[in-house]
Amino acid sequence: MSTARNEWPLWEVFVRSKQGLEHKHSGSLHAVDAAQALQMARDVYTRRQEGVSIWVVPSSQITASAPDDKAELFEPMADKIYRHPTFYEIPDEVGHM
Amino acid sequence: MARAQSVVHAALEDMLHLADSALVLGQRNAEWCGHGPVLEEDIAMANISLDLIGQARLLYQHAAAIMADGSTEDSLAYFRDPQDFRNYTLLELPHHGPLAGTAAAERDYATTIVRNFLYSALMVLRWDALQQSPDAQLAAIAAKSLKEVRYHLRHARDWLVRLGDGTEESHTRTQAALDHLMPYTAEFWADADTATATLQADWEACVDDALDEATLKRPAPGGHLSRGKHGQHSEHLSYLLGEMQSLARQHPGATW
């Protein structure tokens, strides 16, 4: 059993697909440093032609919302459907939004 | 006419040498599948093996088409015996030092990395040169393989530096692997064709640069000269082929 101290740090991997306009979270992996994380991300997450660009971010650098805060953070939005832009028609010349 | 035939023969021999080398190293490295030191490396090594086996397939198919004697990629891979294989001896050796008896002994990742580095450094140069081949099909295979092997070199070189310039344990093991494997690279240049011989200076520079960064000491040249590309192999190749070929030989012509 390796102790947490000896384990390589965890990285979050974001991959942009050929058609995609933004990087999407693909998963995570262990690597010694950023350069190695990038290389391993290539092998683990793009081996089926998933991507054309990769970002890696140390998992420890991500600040996440607490699951217990779910009620106050997200539930108030449930009854405010007028915030969805589906009520507007987007002119063609605007293009992708 | 006789001269034209001997040119075709030499080209075929070289193609089989390239194919056998890719297949044998691909098969050898595939032993790590499911046994890699970490999950990420396990997948990386399997990817590299699949690249190599893919290169071998293209080369066997092309060679079989030129031979036009009923040979197929499968007959070339599965129904030739060890002495017919033209791979470098370096590529058939097990993943451990000279004194462990069999491929079943505990594998040493430093050996795997050093071998991949020494071979990929050569193949980046060979595939690059072969892109200019008058054989259009071979030139296309070279262009595809070059992209793959550039990544293999990057992967192996990265680990070579990390292990060599790592802990005392990793340095010692990597140096031992280098001392063990380096003599086998003499075969790259011993009676090489002129096109390959011109690559030696670039290969030496690439190797010395990486060894320097990895704080590894290049062993003095000399010792034995392996002759795998002439069909004279170590005892390890027959075991490797035995495992790889047994299914196809027990069930000839079987399909999924």
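Colleague: Before we look at anything, what counts as a helix here?

Modeller: Helices are DSSP runs of H or I at least four residues long, and they are numbered from the N terminus. Keep in mind as well that this is a predicted model.

Colleague: OK, then where is B:Arg80 found?

Modeller: B:Arg80 is found in chain B, in the loop that runs between α3 (73-78) and α4.

Colleague: Buried or exposed, that B:Arg80?

Modeller: B:Arg80 has a relative accessible area of 11%, and because buried means under 20%, this arginine counts as buried.

Colleague: What is B:Arg80 in contact with, leaving aside its neighbours within four places in sequence?

Modeller: With those neighbours set aside, B:Arg80 is in contact with B:Leu16, B:Asp20, B:Tyr60, B:Ser75, B:Phe85, B:Gln245 and B:Arg249. One of these partners, B:Asp20, has its side chain joined to that of B:Arg80 by a polar contact of 2.5 Å.

Colleague: And α4(B), how many of its residues are buried?

Modeller: Helix α4(B) is mostly covered, with 20 of its 22 residues buried.

Colleague: How far apart are the end C-alpha atoms of that helix α4 of chain B?

Modeller: They are 30 Å apart, and at 1.5 Å a residue the 22 residues of α4 in chain B (residues 109-130) should span 32 Å, so the two values agree.

Colleague: Switching to the interface, how many residues does the contact take from chain B and from chain A?

Modeller: Chain B gives twelve residues to the contact and chain A gives 13 residues.

Colleague: How much area do chain B and chain A bury between them?

Modeller: The two chains bury about 1200 Å² between them, and 51% of that is on carbon and sulfur atoms. On the chain B side, B:Glu40, B:Tyr151 and B:Arg162 lose the most area to chain A, together 47% of what that side buries.

Colleague: What is the count of salt bridges between chain B and chain A?

Modeller: The count is one salt bridge, in which the side chains of B:Arg162 and A:Asp33 meet at 2.9 Å, N to O. There are also six residue pairs in polar contact between chain B and chain A, with each partner at pLDDT 80 or more.

Colleague: Which elements give two or more residues to the side of chain B that touches chain A?

Modeller: Those elements are α2 (39-67) and α5 (136-164) of chain B, and the largest share of that side, six residues, comes from α5(B). By class, the side of chain B that touches chain A has five nonpolar, two polar and five charged residues.

Colleague: What is phi of B:Asp191 near?

Modeller: Phi of B:Asp191 is near 30°, which is a positive value in a residue other than glycine.

Colleague: And what about the phi of B:Thr215?

Modeller: B:Thr215 is not a glycine, yet its phi is positive at about 55°. This threonine is found in the loop between α9 and α10 of chain B, and at 41% relative accessibility B:Thr215 counts as partly exposed.

Key
Residues numbered from 1 in each chain as written. Chains lettered and ligands numbered in written order. Predicted model: local features only at pLDDT ≥ 70, side-chain atom pairs only at ≥ 80, totals over all residues. Heavy atoms only, no water. Contact = heavy atoms within 4.5 Å. Buried area = accessible area lost by both parts, 1.4 Å probe. Salt bridge = Lys/Arg side-chain N within 4 Å of Asp/Glu carboxyl O. Polar contact = N/O pair within 3.5 Å; in protein donor to acceptor, adjacent residues only side chain to side chain. Nonpolar A, V, L, I, M, F, W, Y, C, P; charged D, E, K, R; others polar. Expected span 1.5 Å × (residues − 1). Buried < 20%, exposed > 50% of the residue type's maximum accessible area, 1.4 Å probe, protein only.
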